[in-house]
Amino acid sequence: MGLHFALLLVTLGCCLLPAGCCVICDPSVVAALKSLETNYLPGHLDAQHHTSVMQRVDQTVKDFKNLQFNMNSYVGAVDEDTLQKASWSLLKDLKRITDSDVKGDLFVKELFWMLHMQKESFAKLAERFQNEAYCPNKCGTMLQTLIWCNKCEKQVHTCRKSYDCGTLDVEVHQMEDLILDCQLNWHQASQGLTDYSFYRVWGNNSETLLSKGADALLTKPLADPGDAGEYRCELGTVNSGPATIINFRVTVLPQRVKEEKPSSNVLQDGAVPGEGISSPPKPWATTLPSPHAAYMLRSRLIWLLVCGSIVTVLLLTGVVTM
């Protein structure tokens, strides 16, 4: 069982990716397969079935020989994130099988079905990495760390594009801060980068170094018309040649006009300080009725009393007559 199962263990890794054994580069996968060999297989697969299992394994290996590298889907290498996702998926399905305590032919069927599904899963992960994360720089030179599956080796891969990343137009108003941003989204993922160098480019093809360091921003406080013109940013590498070159064309606009609002304490035309300014009523003040209003109210009350008396007398006179 030792030799046959050793080949089975190798196939468990190799079946998961085209033309290479990438998941076997993960130590956690190696440990899980070793545990499967020593702790699970002896009590779950009869020795008489080893030959037939190995025939199927051999056929699977031959099928993988026919797979070709594809620059659009798989180049034989992945990054650490893709490897971790593929390894986690394999370990999860392998644990599901061992936790089910399945034995014999059913175990073999589930094992090879899991390999088939994991192969498709890895193919999707590898294609996504190839399309989205492999050499993501649109310009410049990026040094990307990759894991080459055939040897399980980490190597720095050079993604070389055009050094020139174009010219950016920047507008700033006078008396405001001029800010030039030289960082691209892939800079933090690249290896071997050094310093950002900002230059002022003059009309006679000369230039002046303005700053050099790890800061990707150049800030010039209180811009003035003299700051208008051409600038250049260069990101260095540990190798010869820059990683990126970005040019800036700066235009300084007139100072913004701020509209001043009149103060609430400003007096109106013709007003004398301390006079003609009404204070808002105090919340505890009570408004008293005017004398004229009191007189009108008293007259209405007297009229109502007189009318009420006349109606009462008429009613009583009618009752007596009846």
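Q: Is V29 buried or exposed?
A: V29 is buried, at a relative accessible area of 0%. That value comes from a predicted model.

Q: Which element is V29 in?
A: Helix α2, which covers residues 27–40.

Q: What is V29 in contact with, beyond its neighbours within four places in sequence?
A: V23, I24, S87, L90 and L91. The C-alpha atoms of V29 and L91 are separated by 6.7 Å, although the two residues are 62 apart along the chain.

Q: Switching to the cores. How many residues has the largest nonpolar core, and which have the most contacts inside it?
A: It has 37 residues. V78, L94, F107, M114, F122 and Y134 have the most contacts inside it.

Q: Which elements give two or more residues to this core?
A: α2, β1 (77–78), α4 (80–99), α5 and β2. The most come from α5, which gives 10 residues.

Q: What does L94 touch, not counting residues up to four places away in sequence?
A: A32, L33, L36, L111 and M114.

Q: Why point out a positive phi?
A: Because most residues other than glycine have a negative phi.

Q: Does C135 count as buried or exposed?
A: Buried: its relative accessibility is 14%, and the cut-off for buried is under 20%.

Q: Where is L222, and what is its phi?
A: L222 is in the loop between β8 (217–220) and β9 (229–237). Its phi is near 50 degrees, a positive value in a residue other than glycine.

Q: How does L222 count for accessibility?
A: L222 counts as partly exposed, at 47% relative accessibility.

Q: Last topic, the surface. Which residues form a nonpolar patch there?
A: I302, V306, I310 and L314. Together they have about 380 Å² of accessible area.

Q: Where does I310 lie, and how does it count for accessibility?
A: I310 is in helix α6, residues 291–321. At 48% relative accessibility, I310 counts as partly exposed.

Methods:
Residues are numbered from 1 along each chain as its sequence is written. This is a predicted model: local features need pLDDT of at least 70, side-chain atom pairs count only at pLDDT 80 or more; totals for chains, interfaces and linings use all residues. Side-chain values use heavy atoms; hydrogens and water are left out. Helices (H or I, at least four residues) and strands (E, at least two) are DSSP runs, numbered from the N terminus. Buried means under 20% relative accessible area, exposed over 50%, partly exposed in between (1.4 Å probe, protein chains only). Contact means heavy atoms within 4.5 Å. Patches are made of residues with over 30% relative accessible area and no salt bridge: like charges are joined within 9 Å, nonpolar side chains (Val, Leu, Ile, Met, Phe, Trp, Tyr) within 5 Å. Accessible areas come from the Shrake-Rupley method with a 1.4 Å probe; for residues, only the protein chains shown count as cover. A salt bridge is a side-chain nitrogen of Lys or Arg within 4 Å of a carboxyl oxygen of Asp or Glu. A nonpolar core is a set of buried Ala, Val, Leu, Ile, Met, Phe, Trp, Tyr and Cys residues joined through side-chain atoms within 4.5 Å.
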